[in-house]
Amino acid sequence: MAITFGKGSLLLLLTLVATLAINQAETIIVGGSEGWRYGYDYNDWAAKHGPFYINDTLVFKYPPPSDTVRPHNVYLLPNLYSFLNCDFRGAKLLAGPNQGEGYGFSYVLTEVRPNYFASGEGNGDDCKKGMMKFVAIPFYRLYP
């Protein structure tokens, strides 16, 4: 026995599924309780806390710079080469050193594409030596 849908019913069903998928979006604190800090392996964190999905929100939390806290920021790097080499030419600054305190800086994953994140502070030292970089490739949720 086959199930059949009229055009209106199919459209309603697809709209319902899409709405449920959007409602399933999650808010994810980058680094969990570690936050966004120098010396933490964010590639390992991303591998253990993925996959990420369209409309998920990544929250970068980090304290403002002070005499005892080094500054951090959040860049979106343009490509894999830039990511691998911590090359910030052509990168987009998403959040400066003072934007990670309190509720943190939020970034919504809106496209199925690699999102290369890194901190460029210390002339790229955060990225190169401090492991403050990771990639998030969001997927579509196929079910609610």
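Welcome to a predicted model, in which local features need pLDDT of at least 70 and side-chain atom pairs count only at pLDDT 80 or more, while totals for chains, interfaces and linings use all residues. Residues are numbered from 1 along each chain as its sequence is written, and side-chain values use heavy atoms, with hydrogens and water left out. The protein chain has an average pLDDT of 88 (pLDDT is the predictor's confidence in each residue, from 0 to 100).

**Confidence**

- A pLDDT of at least 70 is reached by 83% of the residues.
- Over residues 8-22 the pLDDT stays under 50, and the model has five contacts for this stretch beyond four places in sequence (contact means heavy atoms within 4.5 Å).
- Where pLDDT is low, the predicted coordinates should not be read in detail.

**The sheet**

- Three strands make up an open sheet with mixed pairing, in the order β1-β2-β5 (strands are DSSP runs of E with at least two residues, helices are runs of H or I with at least four, and both are numbered from the N terminus; two strands pair if DSSP finds at least two bridges between them).
- β1 (27-29) and β5 (105-108) are the edge strands, each with a single partner strand, so one side of each has no neighbour in the sheet.
- On average, neighbouring strands of this sheet are turned by 25° against each other, direction ignored (the axes are lines fitted to C-alpha atoms, and angles run from 0 to 180 degrees between N-to-C directions).
- Strand β2 (residues 57-60) runs antiparallel to β5, and four bridges join the two.
- Phenylalanine 60 has phenylalanine 105 in β5 as its bridge partner.

**The loop between α2 and β2**

- Proline 51 lies in the loop between α2 (42-49) and β2, and a cis peptide bond with omega of about 5° joins glycine 50 to proline 51.
- Asparagine 55 also sits in the loop between α2 and β2; although asparagine 55 is not a glycine, its phi is positive, at about 75°.
- With 28% relative accessibility, asparagine 55 is partly exposed (buried means under 20% relative accessible area, exposed over 50%, partly exposed in between, with a 1.4 Å probe and protein chains only).

**Two buried residues**

- Cysteine 86, in the loop between α3 (80-85) and β4 (92-95), is buried at a relative accessible area of 7% and has a positive phi near 50°.
- Aspartate 126 belongs to helix α4 (residues 125-128) and is buried, with a relative accessible area of 0%.
- Leaving aside neighbours within four places in sequence, aspartate 126 has contacts that include Tyr38, Arg70, His72 and Met132.
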